[in-house]
Amino acid sequence: MKSLIQQAIVFVCFTTLAYGLQNGLARTPPMGWLSWERFRCNTDCDNHPDSCISENLYMAMADRLVEDGYRDAGYEYVNIDDCWSNKTRDENGNLNPDSKRFPSGMKALADYMHKKGLKLGIYGDFGSKTCAGYPGSLNYLEKDANRFAEWGIDMFKMDGCNVDISLMKKGYPEMGQYLNATGRPILFSCSWPDYERGKGIPIDYQSVASHCNIWRNFVDIQDSWDSVLKIIDYQANITDQWGPVVGPGNFSDPDMLIIGDYSLSVSQSQAQMAMWAILAAPLLMSNDLRTISPEFREILLNKEVIQVNQDPLGIMGKRVLQIKETEVWLKRLQFWDEWAIVMFNRGSTNATITLRLADIGFDYMLGYELRDLFKHVEIGHVERFTQKEYTIPATGVLMAYAYPSE
Ligand code: GLA
């Protein structure tokens, strides 16, 4: 017979497992593609056959992810957002994709992704309707979780329109449990804390992290540099709250990458990529991979920057210095005394940052070696007490990897 202590251990393990979202996913920030920012709720396939929300769009993006090297760089999720379903549930209360736009059905689309070594994500809403007015999951959480699992879905983004926000603290964990109970590993992306933020409801950071793999922390990104700046500013203010609960399994989501869309310049795109990497943010692109130009593709495929984002410790970097229009951000990496540094210039002319590594906490006696992660060249040896000048492009970054000198 088991001793009382053994029984107690079994009980504690079981209840922790049953309580939190223990799906083993998102050990590093998830990477992939998501339709919303670029393709929105365009359901008019007669007039826009190539850009309407349809199986063709997701299959076309999947093909590009594979053929143009994105999948091999880590971008594996192809995520459907709002406007994929019929306007009403069927007579059994089930969600179904719009049959004109998804004639092969969701299972076939998931199979298509899986055969290519990709994963399929889907979108829903905790409320009675999604933000664009399609059926929501309120009162259907378990049914929808099971439906997604049957289809072979790999990620579920649950939005929070059209519902009493005070119900989210209970409802999101419940959905996490239903997803868990399907037995299929489904990465859970929650919009919950962003809705609470919007309403001024105090966020329980620990609870969000134990029930969600990733969570939106702020307003929707738009295709503009101003929007990116606003998001970066907000991130700077929340790293102290979210940082402690970010790590393997749990990442805070500042929303999609808009690199390769209409508004960001090359240096602004480098800035978004660098900041998302240093924040350990999910890298979910929303762009048209069929027409993206090579300079943007190169930024999205930058292996050294991706490596910072995907560092196994999963630490959320933070802002450590702010001088006029420039900022310095820092993220600790897995090996002893190795760091990613982003020097960020918000200004519209080039700027110089004069920095002593000792002032941002670098204390190794022999100094550090720095490498520029966008130019792919060594910056060279830097003593910790030496003042050094770095030139940062207008509305852009210098991103460096720093490691101890021998
Ligand atoms: C909300 C979300 C967006 C997108 C739309 C879809 O605004 O924050 O990311 O999913 O809904 O309607």
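## Helices on the sheet

Helix 11 (residues 266–278) lies across strand 10, strand 11 and strand 16, at about 40° to strand 16. Helices (H or I, at least four residues) and strands (E, at least two) are DSSP runs numbered from the N terminus; contact means heavy atoms within 4.5 Å. Axes are lines fitted to C-alpha atoms, for helices over the stretch in contact, and angles run from 0 to 180 degrees between N-to-C directions. Helix 10 (residues 225–242) lies across strand 9, strand 10 (326–332) and strand 11 (339–345), at about 55° to strand 10.

The model is predicted: local features need pLDDT of at least 70, side-chain atom pairs count only at pLDDT 80 or more, and totals for chains, interfaces and linings use all residues. Residues are numbered from 1 along each chain as its sequence is written, and side-chain values use heavy atoms, with hydrogens and water left out.

The open sheet has six strands in the order 9-10-11-16-13-14, with antiparallel pairing; two strands pair if DSSP finds at least two bridges between them. On average, neighbouring strands are turned by 25° against each other, direction ignored.

Five antiparallel bridges join strand 13 (residues 368–372) to strand 16 (residues 396–404). Glu369 stands opposite Tyr403 of strand 16.

## Helix 7

Just after helix 7, Gly183 has a positive phi of about 85°.
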